[in-house]
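Here are my notes for your first look at this one. Have the viewer open while you read.

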Amino acid sequence: CESVYLLPEERREDSAIIIDCGYIATSVALVKGDGLVNLKSFAVGGGHISADLMECLHISFSDAEQLRKQIVLSVVPSEKDDYELSRDGKVIPIGMKDANEITSARLEMLGELIKKCITKDNEEMPNIPIYLTGGGISYIKGAKDVISNYLKTNIVLLVPKDVHLAKPHHSSLLGLCDMALSHEDETEAGLFKKLF
């Protein structure tokens, strides 16, 4: 559903890979045409980054969630750079370098799991388009680049076409709705033809 909704037909004629990283799980789909050639999933997502931040930095989970939304991996922080958490009207500084290293480590682990889903032992990454969607890591600035660098291939962020809903976390929902509505139209037309 997601690939048919998000990718134009000409991009689906050859194979493509869609990585849908959610909050607690990630799915890696190999698609071709209107079909699903292969689908693998594993239980690691954006929420695991929050859990790592909580555990390594000794902060609450709600603080870790707040911190995850601020992470910017596309800059090289100095020892003096901090993220700022708001708690009970106070500002709590968190070292940017530490937070970025924790986040990058989890993203590299995620990259390794994605690579295992796509390739067999010691194989190179296939030369086909790879897309990232879902709300798990798509909003972390630079996360896509960390995974791209780990996989040594380009990854493109994939979002729904509708401008008002062009958010990665809407991808699977809108794909499913689009497929259901398309299928409903076909079913009604078939029933209408049978009756008349």
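**Notes on the helix packing**

1. Start with helix 5 and helix 6 (residues 143–151): their axes come within 9 Å and cross at roughly 50°. That makes helix 5 oblique to helix 6, oblique being what is left once angles under 35 degrees (roughly parallel), over 145 (roughly antiparallel) and 65 to 115 (roughly perpendicular) are taken out. Axes here are lines fitted to C-alpha atoms, for helices over the stretch in contact, with angles running from 0 to 180 degrees between N-to-C directions. Helices are DSSP runs of H or I with at least four residues, strands are E runs of at least two, and both are numbered from the N terminus.

2. A word on what you're looking at: this is a predicted model, where local features need pLDDT of at least 70 and side-chain atom pairs count only at pLDDT 80 or more, while totals for chains, interfaces and linings use all residues. Residues are numbered from 1 along each chain as its sequence is written, and side-chain values use heavy atoms, leaving out hydrogens and water.

3. Who meets whom between these two? Ser104, Leu107, Glu108, Leu110, Gly111, Glu112, Ile114 and Lys115 in helix 5 are in contact (heavy atoms within 4.5 Å) with Ala143, Val146, Ile147, Tyr150 and Leu151 in helix 6. Sorted by type, the residues of this contact are eight nonpolar, two polar and three charged. Nonpolar covers Ala, Val, Leu, Ile, Met, Phe, Trp, Tyr, Cys and Pro, charged covers Asp, Glu, Lys and Arg, and the others, Gly among them, are polar.

4. Helix 5 (residues 96–118) also has helix 3 (residues 46–57) as a partner, with axes that come within 9 Å and cross at roughly 135°. Helix 3 and helix 5 are therefore oblique to each other. On the helix 3 side, the contact uses His48, Ile49, Asp52, Leu53, Cys56 and Leu57, which meet Asp98, Ala99, Ile102, Thr103, Arg106 and Leu107 in helix 5. That contact splits into seven nonpolar, two polar and three charged residues.

5. Leaving aside residues up to four places away in sequence, Thr103 touches Ile49, Leu53, Ile71, Leu73 and Ile140.

6. Finally, the whole chain: seven helices and seven strands, with buried residues making up 39% of the 196 residues.

Notes. Buried means under 20% relative accessible area, exposed over 50%, partly exposed in between (1.4 Å probe, protein chains only).
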